[in-house]
Each structure stands twice: as structure tokens, then as C-alpha cells.
Amino acid sequence: MNLARLDLNLVVALRALLEERNVTRAGQRVGLSQPAMSAALARLRRHFDDDLLARVGGHYELTALGQVLLHRTATACEVMERLFASQAEFDPGSETREFKIVASDYAVAVFGAELARIVHEEAPGIRLRFAQTPPGVVDDTATLLSTTDGLFMPHGVISDFPATDLYGDRWVFLVAEGNPAVGDRLTREDLGRLPWVTYQRTYDAPAVRQLGMLGIEPRVEVSVDSFQLLPLLVQGTRRITLVQERLARLLAPLAAVRVVEPPYEAVPLREALWWHPVHTHDAAHIWLRETCARVGARMDGASPGADA
């Protein structure tokens, strides 16, 4: 497909038509008259050799191809908006802009909160929007990164995209303070016989793979889609959970739990900011990356348990 031969304004019209499913409302949305939008729909139908919108009774419904294009056009528009929002210069003290960063609740609690504090002090017009990491991040990383300003994710889960290292962390176990089945130390036998609480996504893949390599098969009793809920689901039970030390130290005072060292040398965790190459030379994004790296360096300068 030769982009030079395409009218990219049709992408905007296509998105409006597929989302509104009404020619008049779609035209009003993008500032086109009803005849102009009807002409755009006719051109799109010729291009795709498909009706896209099919009349059913007194309204339009999307064809099968229209359903496929619905998500793709939204993604394409977001990519173009980010592309044309790129700047040659950026003054954090006077600019107004929102950065969308995809992250787990762990990364937001441990790193995002401090990043937000620094941005508040240094760039009062800048807004940060943290979005929960979606289930398909590993399968469709390119699409996710093309529609956001970055992704907080440890090394070892995704690759082949530029990244800025942020800070290091390590894995520890949490057990209930009154758990009679665990003494001062955990054993590998404990890991196999005690019930677990786990984070149900697979982003901690290196740590999970390590357990498998050690022949440890967790007996999962509860799984949850939030790292920050793990301590609450451990307290008052015989359960154990594997969690990042920085988060464990942060949340330990909120639940009747204690931190216990793994009975093996756990693989370290190195958090990073990943981004799409389209952002590489954008001055605003360079500022974001440099600020993130600076915050991460400060965190690395203090031990994870410094506030414990």
C-alpha cells in the first residue's frame, strides 16, 4: 500500500463513521457536511470493497470488516495524533501536556507516586495518566506502545523496543504474622506444601520461570489482579505470596504480615520505561525519559528497606 496515494483525512472520517454508525453525526463530529461525509463513505467503500456500514431496519450496523477496522482506526488516529504532537523544543515549566503511561499497580505505587511528586514540583502544567497494564501486553506490545507514551515493565518480559532503566528491586515472600506453619525462615518444602496467593497476570515471568526450574509448583489458593492486594489476602491465613521487596516494605504496615527471604537466590528485578521508536526524538518525551531516569537513580541510591 502506497501511503502517498492515500488521503489520510479518510482515516478520521472512517473512525467517525464506524463509531457513530450514522453519516450525519459522523459529519458533525469531524466538521463535514452530510453530503461530504456521504462522499467520504462512498470512497471508503470503494477502497475496501465492502459496505462497512449496512442498513438494518432503520439504523446502520457494522459489517464484519467494519468491526475489524473499528479498533484499528482508533489506534491509527492515536498514532497520528502522537506523531504530529512531537516537538523540537520543550519547556517543562510552561508547557501543558498529558503523558499516558501504562503500568501495574506495583509500579505506580513504588515509582509512579514519586515521579508524580517530581513532575508536580518541576512541571505544574504536565498531567500524568497511569493506565492498568492490559492482559495482552506481551502479545501486542507494538500496538500498546504506539498509543501511549510509555510502559513500566521489568526486563525479561518484553524486548525489541527502546527502554530506559529505572530502578532495581528483588523478590521476597510475605507470610501472616501469626502463621504457625512458618518460622523465621521458609524452606523449599514450605513453598510446595503451603497455599499461595498469586498475581494472576504473567508479567513476573522470570520469577515464575525460576520457580519452575527449581521444581516448585505453587499450590494457588487465591489469585488477584493487583499486587497491592496480596498482603491483605495473606494476613490471618497460612498462605504465602511472592512480592517485590519495595512494595512489601511499603505495604507491610497496612497488614499483619512479615517479610521472609526466599529459600533460594531469587532472580533480581530491573524495572524500565519502554517506549515506541516514534517518540525517540520528541523533545517532550526526552524530558519524560530523563525525568524518569533521574527518579529511578534516586531510588537506586537508597536501599529498598530504607523506609521500613
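The following exercises, each with a worked solution, concern the predicted model shown above.

Residues are numbered from 1 along each chain as its sequence is written, and side-chain values use heavy atoms, with hydrogens and water left out. Since the model is predicted, local features need pLDDT of at least 70 and side-chain atom pairs count only at pLDDT 80 or more, while totals for chains, interfaces and linings use all residues.

**Exercise 1.** State how the chain is divided into domains, and how domain 1 and domain 2 are placed.

*Solution.* The C-alpha centres of domain 1 and domain 2 lie 32 Å apart. Their contact (heavy atoms within 4.5 Å) takes six residues from domain 1 and eight residues from domain 2.

**Exercise 2.** Find the residues that touch the most other members of the largest nonpolar core.

*Solution.* A nonpolar core is a set of buried Ala, Val, Leu, Ile, Met, Phe, Trp, Tyr and Cys residues joined through side-chain atoms within 4.5 Å; buried means under 20% relative accessible area, with a 1.4 Å probe and protein chains only, as against over 50% for exposed and partly exposed in between. In the largest such core, which has 54 residues, F111 and F152 touch the most other members. Domain 2 and domain 3 each supply at least three residues to this core. Apart from it lies another core, of 16 residues, including A16 and M37. Turning to F152, and not counting residues up to four places away in sequence, one finds among its contacts F111, L115, F130 and C292.

**Exercise 3.** Describe the course of helix α5 and name its buried residues.

*Solution.* Helices (H or I, at least four residues) and strands (E, at least two) are DSSP runs, numbered from the N terminus. Helix α5, residues 105–122, has 18 residues and reaches 24 Å from its first C-alpha to its last, close to the 26 Å expected at 1.5 Å a residue, where the expected span is 1.5 Å times one less than the number of residues. At G112 the helix α5 bends by about 45 degrees, the bend being the angle between axes fitted to the seven residues ending there and the seven starting there. The buried residues of α5 are D105, Y106, A107, V110, F111, G112, L115, I118 and V119.

**Exercise 4.** Determine whether D149 is buried or exposed, and what its side chain reaches.

*Solution.* D149 lies in the loop between α6 (141–146) and β5 (150–154). Because its relative accessible area is 0%, D149 is buried. Its side chain reaches the backbone nitrogen of K100 at 2.8 Å.

Note on methods: Domain bounds come from an automatic or database domain assignment. A polar contact is a pair of N or O atoms within 3.5 Å; within protein, one must be able to donate a hydrogen and the other to accept it, and residues adjacent in sequence count only if both atoms are side-chain atoms.
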